[in-house]
Amino acid sequence: MRVGWLSAVMAAACGLPDGEFFGRVPEVTEPRRLRYCNSKEPEAIDPALATTTTAMKITHVLFDGLTIYDQHGLPEASLATGWDVSEDLRTYTFHLRDGARWSNGRAITAWDVAYQVIRVVHPLTASPNADNLGTLKNARGYLARRVFVLRRPVGPYPAGELVEQADKGEAVRVDLRASSGPLALRDLGAAAGTAYAWVAAGREVALVMTTGGRASLRSPDARAWAYVFDATGDGVYGWVPAVELDREPRGDVAIAVRRVAANALPGDRTAEAARPVVTARGRDLLVTPDVLGIAVPDARTIVFENAEPTPYFVGLSNNRALRPTPIEAVSRWPRRWTEPGRIVTSGPMTLTAWRERDAIVVDRSATYWNPGDVRLDRITFFAMDDQAAAANFYFTGGCDAVAANNIPSTYLPALLGPGGKSRYADFRTEPYLGIYFAYLNTEKLANRHLRRALAFAVDRAQIPRFTQGNEIPTAQLTPGTPISSLDVADLAACGVAHETRGVALIMTKGALCYVPPPGLDYNLVAAQAELAQARVELGAAFPTRLSYRYNAGTEVHKQIAEYLQAAWARIGLTVDLEAQEWKTFVADTRAGRYELARFGSIGNLPDTESEFLPLFRCGAPDNRSRYCNPAFEQLLEQARPVRDRVARNAILRRAEQVMIEDAPVIPLYVYTQKHLQKPYVRDLASNPVDQPPLWRAWLDPAWRSHR
Amino acid sequence: MIQFVAARLFGGLGVIAAVATVCFFLLRAAPGGPFDSEARMSPEIQHSLEERYHLRDPLWRQYAAYMAGLAHGDLGQSIKRPQTVNELIAAHFPVSATIGLCALGMAIGLGMTMGVEAARRHNRWPDHGLMALALIGISIPSFVVGPMLVSLVSVRLGWLPPVRIDGPSGYVLPAITLGLIYTGVIARLARAGLLEVLGQDFVRTARAKGLAERVVVWKHALRLGVLPVVTYLGPATAALISGSLVVEKVFQVPGLGFYFVNSIADRDYPVLTGVFVFYVAILVALNLVVDLVHSWLDPRIAQRNR
């Protein structure tokens, strides 16, 4: 539930505060402590489970990555000192630094990274971030429990062959093992006496991995060890000597399998013939992370193998899904290891206190490899569930900075003056890597001309007048920075002139840039022409009324819906508005039960190929407009193997052009980030993905004299 | 008496089971699920998430498992948080209860005083004035009172913190915001109850034998006059101590009220059912207490309950 009127009352009661700054500016007494008004309680801080920008801000100060987000939102080497990319853009080899340590003193190795990958794509973890690793070889099949290693020859396949379940039926569990004696779950190589959990004799556990695999930890002694999961209660993971475990699952299920289609193209008949379907027994199959496209040749090297060319993989390397988590803590308390006292961290900060729905306190880590980079001793993240409360707390000097957009929209008219100029020196807006748009269900609105008419009829330039957050109106799908605000180096990288309209996406600062095609911007004449064409083609089937859906509870969605309704009325189309509760709205739009609906998309990394264009691929799970165009598909496939990124962007641009001309979507504006930061806060830069390196900030007690 | 209490307790268990059942099925009948979001999620992940929370089991089995847990006092595992529902309640109920009891103290103290004073000066200007105040207290919703208090007391005057409970001063504004409506209701109930009693024969007798008016009102009349207030206090206390979303939002208080609303939007089935069951349990218990207090205040009621 949103309490928008709260802030309306608030604003009315408050009036416009005078002065250069919004509210009080307290004296800085603790320059190394930042009080940050975050939004909401984070759903999790475990990198495998955190999904929102709110949670990730905390996750990213606690957990280091191969790379981290720099001030432009681009990857910056951190745990990895460098990387090699194979010629075919499939294989990425990262080299880890020496001397990186967990907060418990243990060295961070490539195995820790591999463990995180295995954990994120393992079905028992149920990680919502597993999709971020979806490009890795067999990651999806592993997650669905449908890829196995053959333990003995079956039909034409030798032992060791990778096979997948051939039918569409439910996956069968072949990873369950029992033991004749009780199992002492412990750390790898530890004596049975140091066990932290016991599994009763005969109780089935899930076998996750064994030592000696391509990416699993090495056995510390000559024996093979197995890593198992006992699902009792909260669940617990642990290592046991492999001999203590039954070698095979109980029972005798039959599963139709065939060799995995590693690199075969869909529809390739010869490849199909080379992988006949055979029936295997459960005991013939092993579920193991060895099927995944990861390998650890040594403690300082990790290799990622993608099923397809994946040019944006380096951009994924700062993603939470690839930030290692500590096996010793995760194993003991799989759901609850991130509580203070249990958590082991790797980043610049470590967790000190977590008061649910109130505050999370993190302090400087004593073991972080780059202490000179950490300017703060403490960050307190306040969980501000209500935007008005966050703004009020900032106003009275309770926090030093407010997380992007945790400011009520009713305050914006007071914060921004005419022309979108900030009234206060401590308030600013910046572009965000996100786009607000309206989906058109291409199954219900199958006529292309009708869709194009709808797109041409909307004058986006008027929208910021009532959204009032300096939003950047655009008809382009891929969000970015307004070209008019780029510096000379970026303009050169984009190959456009300063006066060019629209936005451009900076992919490497001053070096690589993507300029999305202009799209179907406001043009009433074109709209009328398309509409006339649609009337001719559809005849009696021309719809008399259309319906536009939005999720209830947020004022801006309603305003935009009404604005669109008016815009479409001007070309003679009657559109009914329907507000829906959020979950129902999400389920209905996903199932295609709508004609027009508002939506938005926020990117994780500045790359349209991985973040925005996939929304329109045939059969993609979140292709809400149910768009499917072979020309678009073909261009995306054509771009895949192209190593030269400028040439690649050119193809992607053509793909986006094809798609946007078909109008399965009407982009409206690029989201903006709204920041409130006290004037004494230094080096708290924002980046387009809203993941600033917070630990580099500091508070300047002498800020008044430094102005 | 013991029989009466036992019967009421048994009936209460039935009510709790019924509420749990209705909650359980109503929520699952609502469209969408806990893992629907705008972010893309492949069917494999959805599948493994649903498996983890047993959402793929047949509904009757989920229901049987839930009721079996409930019988042991286990309210289940939250889907959106790492904690169990029992832990969530244990962590957030004390906050709500503290604010609720402060508000209750204010409502009883201030409300009773206003009611008694108004009744004693029936139809004179203090009566009209106090009842007008009470009406204002009842009519202004807490989502208006809260932000206005913040704006005036915290933002303008800087006397109290605008948000968060960081020491005792943090309880003041939330308790006032929460208690205002109840103060008004109690004042009106106390006035009406007392007026009815003040006209009765035993009061005239008490006055006739020369007792001080203070003793007549506060000792003799109020004992019966307070009955409507006591009846009201049962559900009122349950509502006060189980948290209020508005107060928690305005003042950023980590109380229990949040879960009554947010777990619906999250489709966090166990949490929603859990907090409702908890609330109903409090309500049943407090209504029993109210009945017992009634018997004590008015022995005629005890006679009937026997």
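## Chain A against chain B

In this predicted model, 41 residues of chain A are in contact with 39 residues of chain B. Contact means that C-beta atoms, placed from the backbone, lie within 7 Å. α1(A) gives the largest share of chain A's side, 6 residues. At least two residues each come from α1 (4-14), α4 (139-143), α8 (387-395) and α15 (582-590) of chain A. Helices are DSSP runs (H or I, at least four residues), numbered from the N terminus.

By type, the side of chain A that touches chain B holds 24 nonpolar, 5 polar and 12 charged residues. Here Ala, Val, Leu, Ile, Met, Phe, Trp, Tyr, Cys and Pro are nonpolar, Asp, Glu, Lys and Arg charged, and the others, Gly among them, polar.

## Domains 2 and 3

Chain A's assignment, automatic or from a database, includes domain 2 (145-174 + 250-288) and domain 3 (175-249). Their C-alpha centres are 25 Å apart. Contacts link 8 residues of domain 2 of chain A to 7 of domain 3 of chain A. The domain 2 side has 2 nonpolar, 3 polar and 3 charged residues.

## Helices α17 and α18

In chain A, the axes of α17 (residues 630-639) and α18 (residues 645-662) come within 9 Å and cross at roughly 170 degrees. Axes are lines fitted to C-alpha atoms over the stretch in contact, with angles from 0 to 180 degrees between N-to-C directions. α17(A) is therefore roughly antiparallel to α18(A) (over 145 degrees).

Residues making this contact include A:Phe632 and A:Leu636 of α17(A), and A:Ile651 and A:Met659 of α18(A). The contact divides into 10 nonpolar, 1 polar and 2 charged residues.

## Conventions

Residues are numbered from 1 along each chain as its sequence is written, and chains are lettered from A and ligands numbered from 1 in the order written. As the model is predicted, local features need pLDDT of at least 70 and side-chain atom pairs count only at pLDDT 80 or more, while totals for chains, interfaces and linings use all residues.

Methods: Two residues are in contact if their C-beta atoms, placed from the backbone, lie within 7 Å. Angles under 35 degrees count as roughly parallel, over 145 as roughly antiparallel, 65 to 115 as roughly perpendicular and the rest as oblique.
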